[in-house]
Amino acid sequence: MTGMADFAGRWRIVSMELWDTDAIDLVEPGSIEFDRDGTGRFGFIAVDGWMDCRETTRDGRPCVEFTWEGSDEGDQVTGRGWAALAEDGTLDGRIFFHLGDDSGFHAVRAEPPPTARHPRRRPR
């Protein structure tokens, strides 16, 4: 079964419906990151968000739904969103700003998924 471990790690946001790549990467490269403990963060343009995630499915695909709070150019903002694993290993999702815009996004792994945190034993 797919769980938070399959989403864990940093993903590079490569496209969004409302903004082009130059805008997405305005302050730093756009990204979304999931931790195994059900938290995460994202950043694009001048937006930083901290997420509270829950595992689910969407159209039969493994998915994470989240609420978030953060800042947009220093102003406090909140919202919700989701991200689903595609068959090719990429991520598709949507981020909603409370009482504001929403945009779909597409992301690729920015780094390999984390491995088990248990140290490997050396062969004897």
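## Reading a predicted barrel, feature by feature

Mentor: Read along the sequence, the protein follows the pattern α-β-α-β-β-β-β-β-β-β, which comprises two helices and eight strands. Please keep in mind throughout that this is a predicted model.

Trainee: How should I take the confidence of the prediction, and what is the mean pLDDT of the protein?

Mentor: The general idea is that where pLDDT is low, the predicted coordinates should not be read in detail. Here the mean pLDDT is 89, and 88% of the residues reach 70 or more. Over residues 116–124, however, the pLDDT is below 50, and this stretch has zero contacts in the model beyond near neighbours in sequence.

Trainee: Turning to the strands, in what sense do they pair, parallel or antiparallel?

Mentor: Strands of a sheet pair through backbone hydrogen bonds, and the pairing may be either parallel or antiparallel. In this model eight strands make a closed barrel in the order E1-E2-E3-E4-E5-E6-E7-E8, and the pairing is antiparallel. From one strand to the next, the twist averages 30 degrees.

Trainee: Where in the model do residues take a positive phi, and in which loop does Glu73 lie?

Mentor: As a general rule, most residues other than glycine have a negative phi. In the hairpin of E2 and E3, which has four residues between the strands, the residue with a positive phi, near 90 degrees, is Gly38. The hairpin of E3 and E4 has two residues between its strands, and Ile45 in that turn has a positive phi of about 50 degrees. Glu73, in the loop between E5 and E6, has a positive phi near 55 degrees although it is not a glycine, and at 66% relative accessibility it counts as exposed. Leu99, in the loop between E7 and strand E8 (102–109), likewise is not a glycine and has a positive phi, of about 60 degrees; Leu99 is exposed, with a relative accessible area of 82%.

Trainee: Is Thr90, which also lies in a loop, buried or exposed?

Mentor: Thr90 lies in the loop between strand E6 (75–85) and strand E7 (91–97). Its relative accessible area is 11%, and because the cut-off for buried is under 20%, Thr90 counts as buried. Leaving aside neighbours within four places in sequence, Thr90 is in contact with Trp11, Ala84, Leu85, His106, Ala107 and Val108. The Thr90 side chain also makes a polar contact of 2.6 Å with the side chain of Asp88. For the protein as a whole, 38% of the 124 residues count as buried.

Trainee: How many disulfides does a search of the whole structure find?

Mentor: A disulfide is a covalent bond between the sulfur atoms of two cysteines. The search of the whole structure finds zero disulfides. Cys53 is buried at a relative accessible area of 5%, and Cys63 is buried at 1%.

Conventions. Residues numbered from 1 in each chain as written. Predicted model: local features only at pLDDT ≥ 70, side-chain atom pairs only at ≥ 80, totals over all residues. Heavy atoms only, no water. Disulfide = S-S within 2.5 Å. Buried < 20%, exposed > 50% of the residue type's maximum accessible area, 1.4 Å probe, protein only. Polar contact = N/O pair within 3.5 Å; in protein donor to acceptor, adjacent residues only side chain to side chain. Contact = heavy atoms within 4.5 Å. Pairing = 2+ DSSP bridges. Axes fitted to C-alpha atoms, helices over the stretch in contact; angles between N-to-C directions. pLDDT = per-residue confidence, 0-100.
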